[in-house]
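Here is a short report for a first look at this structure. The model is a predicted one. Please keep the view open while reading.

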Amino acid sequence: MSAAEARAGAPRVLGCESCGLVSANVLAGDASGELVQHCPRCGHVLRETKPMSVQRTWACVIAAAVLYVPANALPVMITVSAPDREEHTLLGGIRELWVDGSWGLAAIVFIASIAVPVLKICVLALLAWTVQLAPGWRRLERAKLYRLIEAVGHWSMLDVYVVVLLAATIRFGPLASVRPGPGLLSFAAVVVLTMLGTHSFDPRLIWKDGRRTD
Ligand SMILES: [Zn+2]
């Protein structure tokens, strides 16, 4: 909807993302023609949708998916215990834990380092894709999916702790040392990018021009 259409139609209300205040002020168009106003209580910018939401989500999703390859292929940890030097990938670490009999720990590491990032990348791609090409498809389920990955995002730091756990469970001899591998940097970037992608996506786009029964 353009600014002119909004002014001509019924008054629209917007909720403040910062303080929660709902405002029914008249919306004004900014230089780009997008509806914008400021929260009368806290001054936060109020918008109908986040600017460039889908584009920014796609950028984060594609970058995360690309970096997920080196995150798994390259070692996340290098242990040196003279004279041996071992490189550990994420999947290799999970296999070592499993073979060692630490099944519970292997499951936690698998969920945090493999399942959760893949889930977030797939769900964000699905949300961005459906907003563009199938806006009326299963709106309620898509809204629930968004809430799911948003909730999972609160546990993103778990992914980083995984490597610390891996370090702690490897048995060291005298003069042993552990170093982060190049895969860890990619893995951390994947975590950050999926968090940014979730933040960039505007769930209000799911409901744009539609009802729950669509
Ligand atoms: Zn506010």
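## Helix α5: a buried face

Four residues of helix α5 are buried: Arg142, Leu145, Tyr146 and Ile149. Viewed down the axis of α5, these buried residues fall within an arc of 100°, so they line one face of the helix. An α-helix has 3.6 residues a turn, so residues three or four places apart point the same way.

What do the buried residues of α5 pack against? Their partners are α4 (103-133) and α7 (182-200). The other side of α5 is exposed at Leu140, Lys144, Arg147 and Ala151.

## Helix α5: its span

Helix α5 covers residues 139-153, which makes 15 residues. At 1.5 Å a residue, the helix should span 21 Å.

Strand β6 takes in residues 77-81, and strand β7 takes in residues 84-88. The two strands run antiparallel. How many bridges join β6 to β7? There are five.

β6 and β7 form a hairpin, with two residues between the strands. Ser81 has Asp84, in β7, as its bridge partner.

## Ile62 in helix α2

Ile62 sits in helix α2, which spans residues 53-73. Is Ile62 partly exposed or buried? Ile62 has 15 C-beta neighbours inside 10 Å, so it counts as partly exposed. Burial would take 20 or more such neighbours.

Ile62 and Ala125 are 63 residues apart in sequence. In space, their C-alpha atoms are 8.5 Å apart.

Most residues other than glycine have a negative phi. Two loop residues here have a positive value.

Met52 has a phi near 55°, a positive value in a residue other than glycine. Met52 lies in the loop between β5 (45-47) and α2. Met52 is exposed because 12 other C-beta atoms lie within 10 Å, and the cut-off for exposed is 12 or fewer.

Arg138 also has a positive phi, near 45°, and is not a glycine. Arg138 is found in the loop between α4 and α5. With 13 other C-beta atoms within 10 Å, Arg138 is partly exposed.

Key:
Residues numbered from 1 in each chain as written. Predicted model: local features only at pLDDT ≥ 70, side-chain atom pairs only at ≥ 80, totals over all residues. Pairing = 2+ DSSP bridges. Expected span 1.5 Å × (residues − 1). Arc of directions from axis to C-beta. Contact = placed C-beta atoms within 7 Å.
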